[in-house]
Amino acid sequence: MPQPASRSILLLARGLDRVGTGTQVALAAEGLVAAGWRVTLATTSGAGGLATDFERGGIDVVRLCRRPRPDWGAVMACARHARRMRPTVVVAWGRRQTRLAAAALAANGAPRLVAALAALPRGAADRTALRRVDRVIASSAEVADGCTAAGVTAAVDVVVPGSPPPPPRSCDRQALARRLGLDPAKRWTLCVAPLESAARLRRLVWAIDQLGVVDRGLDHLLVGGGPLAAILARRARAQRIDERLTVVPHLDAVADLLAEVRLVWQSGSVAHGGALIDALAHGVPLVAVHSGAARQAIAEGVNGRIVEPRPESDFPR
């Protein structure tokens with residue numbers, strides 16, 4: 001049922017591109033606006049192009065922090081904005097944003113807090129924050145069960161991630177190749193993931209090295225930023241895969257890229273599987289290590305493969 005226009009929702013998210021979690025935030029915002037809600041997006045870091053997309057679409061955007069990663073200043077800015085805006089509901093996207101929102105709203109009991117989670121809760125900080133929320137929206141039954149095991153007493157709903165139809169293209173393969181430094185004559189693969197997990201980084205470098213043994217005609221694009229970016233660059237040079245690996249922290253043309261890549265893959269557990277869900281609408285084959293997001297997106301042997309995260313696995317094949 002459409003809600004009165006006076007009802008307002010604050011969507012709290014990191015600076016994102018329109019892929020993975022960013023796609024789900026965009027779909028939620030579009031649905032809420034269509035249902036009559038007044039929607040505001042508050043970003044807690046300065047990266048990504050999703051906020052600009054929202055502004056072009058007429059949705060209010062507040063940039064709480066312009067640094068690469070959310071910090072204590074983002075918590076204080078969120079608390080101040082919530083007092084001014086007085087939203088009916090605050091929806092925090094992801095575990096870190098839930099922790100941030102729980103801290104920011106601790107002294108402001110007016111808004112209802114909803115946590116939208118695509119990964120299992122981890123550690124005491126997650127458990128403490130989730131006990132303060134009024135409702136949890138989990139991307140899978142596995143995440144919902146993890147919330148229950150973490151002691152969450154609020155209602156938990158399971159909402160499967162959406163895969164939107166491909167939008168009209170804004171640039172072709174040649175333009176993408178020039179922009180990204182890729183070879184248009186080679187086949188391209190895509191991985192979208194934050195560079196924040198050492199284990200994922202090791203698997204990623206290993207996989208690209210092994211894929212080079214299987215097929216030298218591949219260029220790999222990684223969209224992601226984080227504290228391990230410099231380490232990845234050093235390892236890529238040491239293992240001589242740097243000529244086959246291109247890393248960009250953010251990319252606003254992911255939809256155009258998905259129309260051109262040969263494979264979308266994921267070397268670790270990432271919220272919404274990085275670009276796995278987005279690739280479904282383009283019919284791109286998927287390969288990922290075993291995770292909840294991979295099981296949601298991949299029908300084994302139909303649209304892709306799920307493998308174990310071990311070097312002896314058949315990931316390259």
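Where does P164 lie? In this predicted model, P164 is found in the loop that runs between strand 7 (155–158) and helix 7 (173–180). The relative accessible area of P164 is 25%, so this residue counts as partly exposed. Leaving aside residues up to four places away in sequence, P164 touches T23, L27 and A281. P164 and A279 are separated by 115 residues in sequence, while their C-alpha atoms are 9.7 Å apart in space.

**Helix packing**

The table gives the geometry of each.

| Helix pair | Angle | Distance between axes | Crossing |
|---|---|---|---|
| Helix 4 (residues 95–104) and helix 5 (residues 123–130) | about 60 degrees | 9 Å | left-handed |
| Helix 8 (residues 198–214) and helix 9 (residues 229–238) | about 30 degrees | 11 Å | right-handed |

Helix 4 and helix 5 pack at an angle of about 60 degrees, and these two helices are therefore oblique to each other. On the side of helix 4, the contact involves R95, T98, R99 and A102, which meet A125, D126, A129 and L130 of helix 5. By residue class, this contact of helix 4 with helix 5 comprises four nonpolar, one polar and three charged residues.

For helix 8 and helix 9, the angle is about 30 degrees, and the two are therefore roughly parallel to each other. Helix 8 contributes L201, R202, L204 and V205 to the contact, and helix 9 contributes I231, L232 and R235. The residues of this contact of helix 8 with helix 9 divide into five nonpolar and two charged, with no polar residue.

**Cysteines**

A disulfide is a covalent bond between the sulfur atoms of two cysteines. How many disulfides does a search of the whole structure find? The search finds zero. Two cysteines illustrate the distances involved. For C65, the closest cysteine sulfur is that of C78, and because the two sulfurs are 12 Å apart, they are too far from each other for a bond. The closest cysteine sulfur to that of C147 also belongs to C78, at 20 Å, which is likewise too far for a bond. A pair would have to lie within 2.5 Å to count as a disulfide.

Are C65 and C147 buried or exposed? C65 has a relative accessible area of 8% and is buried. C147 is buried as well, with a relative accessibility of 0%.

Methods: Residues numbered from 1 in each chain as written. Predicted model: local features only at pLDDT ≥ 70, side-chain atom pairs only at ≥ 80, totals over all residues. Heavy atoms only, no water. Axes fitted to C-alpha atoms, helices over the stretch in contact; angles between N-to-C directions. Helix = DSSP H or I, 4+ residues; strand = E, 2+ residues; numbered from the N terminus. Parallel < 35°, antiparallel > 145°, perpendicular 65-115°, else oblique. Left-handed = near helix turned anticlockwise from the far one by under 90°. Contact = heavy atoms within 4.5 Å. Nonpolar A, V, L, I, M, F, W, Y, C, P; charged D, E, K, R; others polar. Buried < 20%, exposed > 50% of the residue type's maximum accessible area, 1.4 Å probe, protein only.
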